[in-house]
Amino acid sequence: MKTCRRFEAIRAGYMRDIQYLNDHAERRHSPAAAASANIARGARHRMAQALNHHLRRCRECG
Ligand SMILES: [Zn+2]
């Protein structure tokens with residue numbers, strides 16, 4: 001599938017956050033780390049929604 005720059009920018013932004021949260025979650029075993037893992041899950045879900053929304057509206061992607 002071909003995707004546009006905007007799609008990549010959206011994905012890169014979310015992936016940076018998710019990576020940061022996962023790193024934090026893996027390095028420690030604490031309530032804060034568990035919270036980070038949960039936030040990362042939520043962020044992945046929002047990323048999927050944002051990208052799907054973009055794909056429905058974008059003329060360049062497809
Ligand atoms: Zn696009």
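A: The model is a predicted one. Arg57 lies in helix α2, and it counts as exposed because it has 8 C-beta neighbours inside 10 Å. Across the protein, 5% of the 62 residues count as buried.

The protein has two helices and zero strands. Its radius of gyration is 14 Å, well over the 11 Å that the globule rule gives for 62 residues, so the protein is more spread out than a compact globule. Along the principal axes, the C-alpha atoms fill a box of roughly 45 × 15 × 15 Å.

Now the helix pair itself. Helix α1 covers residues 5–27 and helix α2 residues 31–57; their axes come within 8 Å and cross at roughly 170°. Angles over 145 degrees count as roughly antiparallel, and α1 and α2 are therefore roughly antiparallel to each other. On the α1 side, the residues in contact include Phe7, Ile10, Tyr14, Ile18 and Leu21. The α2 side includes Ala33, Ile39, Ala43, Met47 and Leu51. Charged side chains take part too, among them Arg6, Arg11 and Asp17 from α1 and Arg44 from α2. By class, the contact of α1 with α2 has 14 nonpolar, four polar and four charged residues.

In the protein, 62% of the contacts with a separation of 6 or more are between residues 24 or more positions apart. Sequence separation and distance can also be given for one pair: Arg57 and Ala25 are 32 residues apart along the chain, and their C-alpha atoms are separated by 34 Å.

Conventions. Residues are numbered from 1 along each chain as its sequence is written. This is a predicted model: local features need pLDDT of at least 70, side-chain atom pairs count only at pLDDT 80 or more; totals for chains, interfaces and linings use all residues. Helices (H or I, at least four residues) and strands (E, at least two) are DSSP runs, numbered from the N terminus. The radius of gyration is taken over C-alpha atoms; the globule rule is 2.2 Å times the number of residues to the power 0.38. A residue is buried if 20 or more other C-beta atoms lie within 10 Å of its own, exposed if 12 or fewer, and partly exposed in between; C-beta atoms are placed from the backbone. Two residues are in contact if their C-beta atoms, placed from the backbone, lie within 7 Å. Axes are lines fitted to C-alpha atoms, for helices over the stretch in contact, and angles run from 0 to 180 degrees between N-to-C directions. Angles under 35 degrees count as roughly parallel, over 145 as roughly antiparallel, 65 to 115 as roughly perpendicular and the rest as oblique.
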